[in-house]
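Have the coordinates open in your viewer before you read on. We will walk through them step by step.

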Protein chains: 2
Amino acid sequence: MTKTDSKAIQGLAAEIGMKRPFRFAFEEAFLNVVRTYSMLATRGERLLKAHGISGPQYNVLRILRGHGSPVSIYQIAEEMLTESPDMPRLVERLGAAQLVTKTRCVKDRRVVWVELTKSGSALLKKLDKPLLELHESQLGHMSDQDLNQLSALLVRARHPEI
Amino acid sequence: MTKTDSKAIQGLAAEIGMKRPFRFAFEEAFLNVVRTYSMLATRGERLLKAHGISGPQYNVLRILRGHGSPVSIYQIAEEMLTESPDMPRLVERLGAAQLVTKTRCVKDRRVVWVELTKSGSALLKKLDKPLLELHESQLGHMSDQDLNQLSALLVRARHPEI
DNA sequence: CGTATTTATCTGTTGCAACATATATTTTTG
DNA sequence: CAAAAATATATGTTGCAACAGATAAATACG
C-alpha cells in the first residue's frame, strides 16, 4: 500500500510531524495542553525575564499583591499556579532583589511573613499592561464564549470528581 | 461593605485563593492552561524520572521512534513539543546514557544523524503502558466528545489565523 | 510535663535550562 | 571562484529547579 492513510493528519499531529493520528482522545488532549502551554508561556517568560524575574517569581509577587498583607512562605507555596518545592530560596532571591521583605513571626517563630516592597509593587504595576496585552494578542482572536468553554473544560480536566 | 461579592469565586480563582473573579476571559483561559499543564505534567515527569530521563529527553526518544530512521539534531529540535534551545547537549546526554547513537553525515558534514539504540527502544516500550495508564487516570473521566472539543479549542488557541 | 508528631523553613548537592557566542560546513551571489 | 550569507552544531557561563535531608518551633498525647 503506497496510498496515504485515509484519515487526514491534522491539528497537533501535523504540527509535530506525526505519521498517524492519535489512538485515544485523552492522549491527544494531554499533548495539546502541553504544547499550548509551551507556546503561550514562552513569550510571557521572556517578557518577565527582560524585567529580571522568572515566571514563578512573578507568581509569588502576584500572590502577595492579591493578599495586600504579609503572607507566609508556606501559604505562598500553597497558592502557586505551578508547584514549586523550593519556596524558601525563591523568596530569598526576591528579597535579594529588594522586591520583598521577610519578617520572622513573633507569635509562631517557625513562620516567616513575606511582604511586597515599594519596588516590588512598582515592578508589578509596570508589568500589568504589557502582560495583559500579550495575553490578548495570544488569545484575543477567540470569542469569550469559546474562552469560557475552554476554561470550563480545563477545570473539569483537573477535577475528576466534578 | 462587609457583604461578599455577589459573583461567586469558583473554578481556578477558588483554587489559587483569588479574592475576585477574572476581568477577562482570555486571562482566565491562559491561567487555566498553565495550571492544567502543571498538574498533568508533574506526575508524568516523576514517572519518567524514576526511569532516569526527563520530559524533553522522552520527547526526543519518541520523535526518533516515530521516524524509525535517523533524524538530525536540527530536525529533532523542530518537532519538539516544547521548544528546547539546547538540543546538542540534550542529545549528548542521551548518548552518554546509551539510549541513542550519533553519526556525522558524510554528504553534509554539518549534520549529525541521531538514532535509537536497542536499549533506547526498550526503554520506550517499557514506558508505553504506564504512561498511557497515567494519562487515562488523569483524563479518562471526560467523554471523548469533551476531550475532542478541548483539543479543538486548544488548537484554535494556538492558531489565530484559523 | 516530657516525648512524639506535626508544621514551617532551611541547606546541600546535582544536574539541567537558558542565553549568548563560537565554529564548521554548505550555499548563494556578484 | 572568492566573499558573504545561511545552515547545523558545539561550547562557555550563569542561575535556577528538583530532590533529599536537616533543623527548629509548636502541638498533641499519655
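Predicted model: local features only at pLDDT ≥ 70, side-chain atom pairs only at ≥ 80, totals over all residues.

Residues are numbered from 1 along each chain as its sequence is written, while chains are lettered from A and ligands numbered from 1 in the order in which they are written.

Let's begin with the sheet of chain B. Helices (H or I, at least four residues) and strands (E, at least two) are DSSP runs numbered from the N terminus, and two strands count as paired if DSSP finds at least two bridges between them. The sheet is open, with 3 strands in the order E1-E3-E2 and antiparallel pairing. E1 and E2 of chain B are at the edges with a single partner strand each, so one side of each has no neighbour in the sheet. Strand E1 (residues 71-72) of chain B joins strand E3 (residues 112-116) of chain B over 2 bridges, and B:Ser72 has B:Trp113 as its bridge partner there. On strand E2 (residues 100-104) of chain B, the pairing with E3(B) runs over 5 bridges; here B:Thr101 stands opposite B:Glu115. Strands of a sheet pair through backbone hydrogen bonds, either parallel or antiparallel.

Now turn to where the two chains meet. Two residues are in contact if their C-beta atoms, placed from the backbone, lie within 7 Å. The contact draws 49 residues from chain B and 49 residues from chain A. On the side of chain B, helix H2 (25-50), helix H6 (118-139) and helix H7 (144-158) give two or more residues each, and H2(B) gives the most, with 18 residues.

How does chain B relate to chain A? The same surface serves both copies, as 100% of the contact residues of chain B recur in chain A.

Finally, look at DNA strand D. A residue is near a strand if its C-beta atom, placed from the backbone, lies within 6 Å of it. Of the 21 residues around DNA strand D, the nearest are B:Ser72, B:Ile73, B:Tyr74, B:Pro88 and B:Arg110.
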